Amino acid sequence: MSVYKAEKILKDMGYISPQKSKLPDSDKRFPDGSHYRFEIPSVEGPSVMKALLDELKRKEQKVHRISQGSGIMMLLDDEIQEMCKLAKENEIELSLFVGPRGTWDISAGTLTPNGKMQALKHEGIHQVMYALEDLLRGAELGLRGALIADEGLLKIANELKIKGVLPENFVFKISAQLMVTNPVSAKLLVEMGASTINVPSSLSIEKLFEIRQAVDVPFDLYVETPDTLGGFLRYYEVPEMIRVLSPIYLKMGMRNHQDVYPAGQHLEQLNISLAKERVRRLQLSRAMIVRYLPDAIESSIGAVDLGIPQ
């Protein structure tokens, strides 16, 4: 149970009711018995990944998952192979986004207020086909994890996993863009094959707790959220997130920077700077855990269920 000294002070002063009930501890865990893991997103290519790994080593920090947002289609074969090699050497899960989505299509519908809902979906069967090509190509190059933001793609990809076309240990990570906001939707996605669910950081812990009751798969949750998703900073809530929502990936987003998707050499130095600062954000989160929830168990590196490239 997390301990905030200020909570007792405010209770003694009468500003917090002594009878205020707390949400119960989650009894769900990762397969290795741990409560939490760390994820660093927006690692856009091998150069950024190398800089990130060097910074983690320099600051004696560890991370369990590295993810990317520009997509498999924006990486050359040798770039994917290099990222897979780095992830395997460091026993880290690597998750790359798939295919073209509505935001990259020729329609202006995704730019309208009501059309934003279709923005990260695959428009038409050809975009679904392209996304599957990304998954198949990635798997052939050794990748064992991908971000998915479309229910149709998830359904087909899971069927291919069951048939053995995709590896059995391939991790389907549901993107925050899919906006899983209630227990019913979360359960439906798990039934369709979701391995982990990126829940919106705009939800209160109470609402996230309701989703946790419905599913056992890990949550991926931004501690700090990009401006495009609200720009929230929830560092003091990290201990409570772990206590109530485990198993959970604590995701190190960043606010106050330009959109980096799709990335390339023109944005490489920015992405390297962002990756290094995300390590510092990870340190801030870990400090909160040490201070307020020291008994929480962090997952081991190289855990058996991680989508570590082959």
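Q: What volume does the largest pocket have?
A: About 1200 Å³. This is a predicted model, so to speak of its pockets is to speak of computed space.

Q: OK, second largest pocket. What volume?
A: About 410 Å³. It has 16 lining residues, and Tyr4, Glu7, Lys20, Lys22 and Glu240 are the closest to its centre.

Q: Which helices supply at least two residues there?
A: Helix H1 (5–12), helix H7 (205–214) and helix H8 (238–245). H1 gives the most, with 3 residues.

Q: How many charged residues in that lining?
A: 7. Another 7 are nonpolar and 2 are polar.

Q: Back to H6. Which residue caps its N-terminal end?
A: Asn182. One of its side-chain oxygens is 3.0 Å from the backbone nitrogen of Val184.

Q: What comes just after H6?
A: Gly193, with a positive phi of about 120°.

Q: Switching to rings. How many aromatic pairs?
A: The count is 5. In one of them, Phe170 and Phe172 have ring centres 5.7 Å apart. Their planes are at 45°, so the pair is tilted.

Q: Is Phe170 buried or exposed? And Phe172?
A: Phe170 is buried, at 1% relative accessible area. Phe172 is buried as well, at 0%.

Q: What about Tyr236 and Tyr292?
A: Tilted, because the planes are at 45°; the centres are 6.0 Å apart. The pair links distant parts of the chain, 56 residues apart. Tyr236 is in the loop between strand S7 (219–224) and H8, while Tyr292 is in helix H9 (residues 268–292).

Q: Which of those two counts as exposed, and which as buried?
A: Tyr236 counts as exposed, at 52% relative accessibility. Tyr292 counts as buried, at 14%.

Q: Which residues form a cluster with ring pairs?
A: Tyr4, Tyr236 and Tyr292. Tyr4 also lines the second largest pocket.

Q: Where does the charged end of Arg37 sit?
A: Over the ring of Phe30, 3.9 Å from its centre.

Q: And what lies over the face of Phe172?
A: Lys161, at 4.5 Å from the ring centre.

Terms used: Residues are numbered from 1 along each chain as its sequence is written. This is a predicted model: local features need pLDDT of at least 70, side-chain atom pairs count only at pLDDT 80 or more; totals for chains, interfaces and linings use all residues. Side-chain values use heavy atoms; hydrogens and water are left out. On a 1 Å grid over the protein atoms alone, a cavity is a set of points where a 1.4 Å probe fits but cannot get out, and a pocket is an open set with protein on both sides within 12 Å along at least five of seven lines; lining residues have an atom within 4 Å of a point. Grid points are joined across faces, edges and corners, and a volume is the space filled by probe spheres set on the points. Helices (H or I, at least four residues) and strands (E, at least two) are DSSP runs, numbered from the N terminus. Ala, Val, Leu, Ile, Met, Phe, Trp, Tyr, Cys and Pro count as nonpolar, Asp, Glu, Lys and Arg as charged, and the others, Gly among them, as polar. A polar contact is a pair of N or O atoms within 3.5 Å; within protein, one must be able to donate a hydrogen and the other to accept it, and residues adjacent in sequence count only if both atoms are side-chain atoms. Rings of Phe, Tyr and Trp (its six-membered ring) pair if their centres lie within 6.5 Å; planes under 30 degrees apart count as stacked, over 60 as edge-to-face and the rest as tilted. Buried means under 20% relative accessible area, exposed over 50%, partly exposed in between (1.4 Å probe, protein chains only). A charge sits over a ring if NZ of Lys or CZ of Arg is within 6 Å of the ring centre and within 35 degrees of the ring normal.
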